[in-house]
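Dear colleague,

Please find below the structure that I am handing over to you. My notes on one residue and its surroundings follow it.

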Amino acid sequence: MAKKVKKKIRIRILPIVIIIFILTLLSGSVYLLSLIPIKNIYISGNNYLKDQEIIELAKIENYPSFLKTRTKDMKKNIKKSPYVKSVTIKKKILGIVEIQIEEYNILFRKEENNKIVLEDKEELIDNEKYQVPILLNYIPDTKYDSFIKGMNQVTPSIKNQISEIRYYPNTQDEDRFLLYMNDGNYVYLTLTKFKQINYYEDVLEKLDGKKGILYLDSGNHFKIME
């Protein structure tokens, strides 16, 4: 009988060594990169929240690892603030984190409890002196949502000119409001015409500095105060 010839299996050591070296190098590089902290944080779009507040909400005040800090986690933490409507976060090379915030606008402050009211109806205790109108009295629940909708239509520049707001119904109009302006004028509005207050500056140009009452609730006319 013929003898069986045993085949010798040759193991090439060099390719294995090279693969192990590359894997070790990669794992070491990843480890070293994970040690690199966040170096720069840029925040934009915030009016009410301070930069430091946003950094603390994101839990990056100690400038943790750039790689290990997930964008998803930062967004989730920042959105816990009732002021934050949306947030966009971008991580860039060299340890840069860019955070763009969109906040809910503050519509007014209630005199009865000193709470600010945001555009989504959220009420908060905030003792910062924001330049927003003061709501002087109670608005019935049946009118309140429409009032919020109307205030959301007022431009920021006009809203800043409103000092106080009073719900002021009469026998003809249960949706009537009186606005006290910072310049000393008064404006009567009804809920269906709230957006017309945005033309307030155009009206002022025609008054030559006269003070009085602007009626936007029933017709558009101005009565000079004696």
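A residue is called buried under 20% relative accessible area, exposed over 50%, and partly exposed in between, with a 1.4 Å probe and protein chains only. Asn182 has a relative accessibility of 47% and therefore counts as partly exposed.

The model is predicted: local features need pLDDT of at least 70 and side-chain atom pairs pLDDT 80 or more, while totals for chains, interfaces and linings use all residues. Residues are numbered from 1 along each chain as its sequence is written, and side-chain values use heavy atoms, without hydrogens and water.

Asn182 lies in the loop between strand S9 (176-181) and strand S10 (186-190); strands are DSSP runs (E, at least two residues), numbered from the N terminus. Leaving aside residues up to four places away in sequence, Asn182 is in contact (heavy atoms within 4.5 Å) with Gln131, Asn160, Gln161, Ile162 and Ser163. The side chain of Asn182 reaches the backbone oxygen of Asn160 at 2.9 Å. Ser163 is 19 residues from Asn182 along the chain, yet their C-alpha atoms are separated by 5.3 Å.

S9 and S10 run antiparallel and are joined by five bridges; two strands pair if DSSP finds at least two bridges between them. Leu178 stands opposite Tyr188 of S10. The two strands form a hairpin with four residues between them, and Gly184 in the turn has a positive phi of about 100°.

S10 is largely enclosed by the rest of the structure, because four of its five residues are buried.

Yours sincerely

How values were computed:
A polar contact is a pair of N or O atoms within 3.5 Å; within protein, one must be able to donate a hydrogen and the other to accept it, and residues adjacent in sequence count only if both atoms are side-chain atoms.
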